[in-house]
Amino acid sequence: LPISTTIAVNLADALVRYHGKKVAVVDLVLSHGDVTMFFNVNPSYSIIDLAKNSQKADYDFLHTLLVKHASGVYILADPPMIEDGENISASQVREVLNTLRSMFDYIVVDTPHQFDERTLTALEMSETVMLVSLLNLPSLRNTQKCLDLFGRIGLRDERVRLVLSRYLPNDEIPKDSIEGILNCPVFFAIPNDYPAVIASVNRGKLLCESAPDKEVTKSFRYLSNLLVAPSVPDVPYEPRKKGILGKIFNSDRRTK
């Protein structure tokens, strides 16, 4: 199950649902994207079509290429065929994102795990980079490699936000160890609820539609609040069992 895609689509929904923002999701996983599957839509056009015409794209043309989901989220799909992704250059990615910037309040980009020129272009253009990690040693090791790369290319700054996914209340790896090893504060943690998430994907529904009362669903509202209005007081998501996630938010309250 693609972790970053789960976060991208449900965060986009929360930005529209709770904050009334105009949001587009761009699937930059060009060879095997899953965004359209998560939204259960069948687009007629994709990022290939916008890349070819981005310099002459106006409002009406743009909206013919995007799919609007019932949630209000607009989707720019991945190419229909695997080999089509090779026809998109880094400069075209820049043009596509610049075109969308003039039309939307937020653009959520689902990126691949490979750091090619196209992915790096999207990261460099982003106001917030959510680096998603699991609470296991192999994932944390790869996260450290990503942070090292960000440092080498000048991206290691306040834009980078570490997000823990599939958090388990009884996990043995403490927050202080993670932040100390990675030298990066934990921005947010999303609780683990694999049954709810996989059910939403298989049904072609967002978490707010398929599991509105689940803690994992509520967490996306709090995450969207942190992005849109971080200075506005809010009740942070905490699990029923105290653990690393409770410590994270207790720490956040002390530092705000």
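**View 1. Ala 90 and its neighbours across the sequence.** Leaving aside residues up to four places away in sequence, Ala 90 touches Glu 117, Arg 118 and Thr 121, where contact means heavy atoms within 4.5 Å. This is a predicted model, in which local features need pLDDT of at least 70 and side-chain atom pairs count only at pLDDT 80 or more, while totals for chains, interfaces and linings use all residues. Residues are numbered from 1 along each chain as its sequence is written, and side-chain values use heavy atoms, with hydrogens and water left out. Ala 90 has its place in helix α5; helices (H or I, at least four residues) and strands (E, at least two) are DSSP runs, numbered from the N terminus. Ala 90 counts as buried because its relative accessible area is 16%, the classes being buried under 20%, exposed over 50% and partly exposed in between (1.4 Å probe, protein chains only). Between the C-alpha atoms of Ala 90 and Asp 116, which are 26 residues apart along the chain, the separation is 8.7 Å.

**View 2. The packing of helix α5 with helix α6.** On the α5 side the contact is made by Ala 90, Val 93, Arg 94, Leu 97, Asn 98 and Arg 101, and on the α6 side by Glu 117, Arg 118, Thr 121, Ala 122, Glu 124 and Met 125. Sorted by class, this contact has five nonpolar, two polar and five charged residues, with Ala, Val, Leu, Ile, Met, Phe, Trp, Tyr, Cys and Pro counted as nonpolar, Asp, Glu, Lys and Arg as charged, and the others, Gly among them, as polar.

**View 3. The sheet of four strands.** An open sheet with mixed pairing is formed by four strands in the order β2-β3-β1-β4, and two strands pair if DSSP finds at least two bridges between them. The edge strands, β2 (67–68) and β4 (106–110), each pair on one side only. Strand β1 (residues 23–27) pairs with β4 in the parallel sense over five bridges, and Asp 27 has Asp 110 in β4 as its bridge partner. Helix α5 (residues 90–101) packs on this sheet, where it touches β1, β3 (74–76) and β4, and its direction makes about 150° with that of β4.

**View 4. The sheet of three strands.** Three strands in the order β5-β6-β7 form an open sheet, and here the pairing is parallel. Each of the edge strands, β5 (129–134) and β7 (186–191), has a single partner strand, so one side of each is left without a neighbour in the sheet. From one strand to the next, the twist averages 30°. Strand β6 (residues 160–167) pairs with β7 over four bridges in the parallel sense, and the bridge partner of Leu 164 in β7 is Ala 189. Helix α11 (residues 215–228) lies across β5 and β7 and runs at about 160° to β7.

**View 5. Glu 179 and the residues that follow helix α8.** Glu 179 is found in α8 (residues 175–182). Not counting residues up to four places away in sequence, Glu 179 touches Cys 184, Pro 185 and Val 186. A polar atom of the Glu 179 side chain lies 2.8 Å from the backbone nitrogen of Val 186.

Note on methods: Polar contact = N/O pair within 3.5 Å; in protein donor to acceptor, adjacent residues only side chain to side chain. Axes fitted to C-alpha atoms, helices over the stretch in contact; angles between N-to-C directions.
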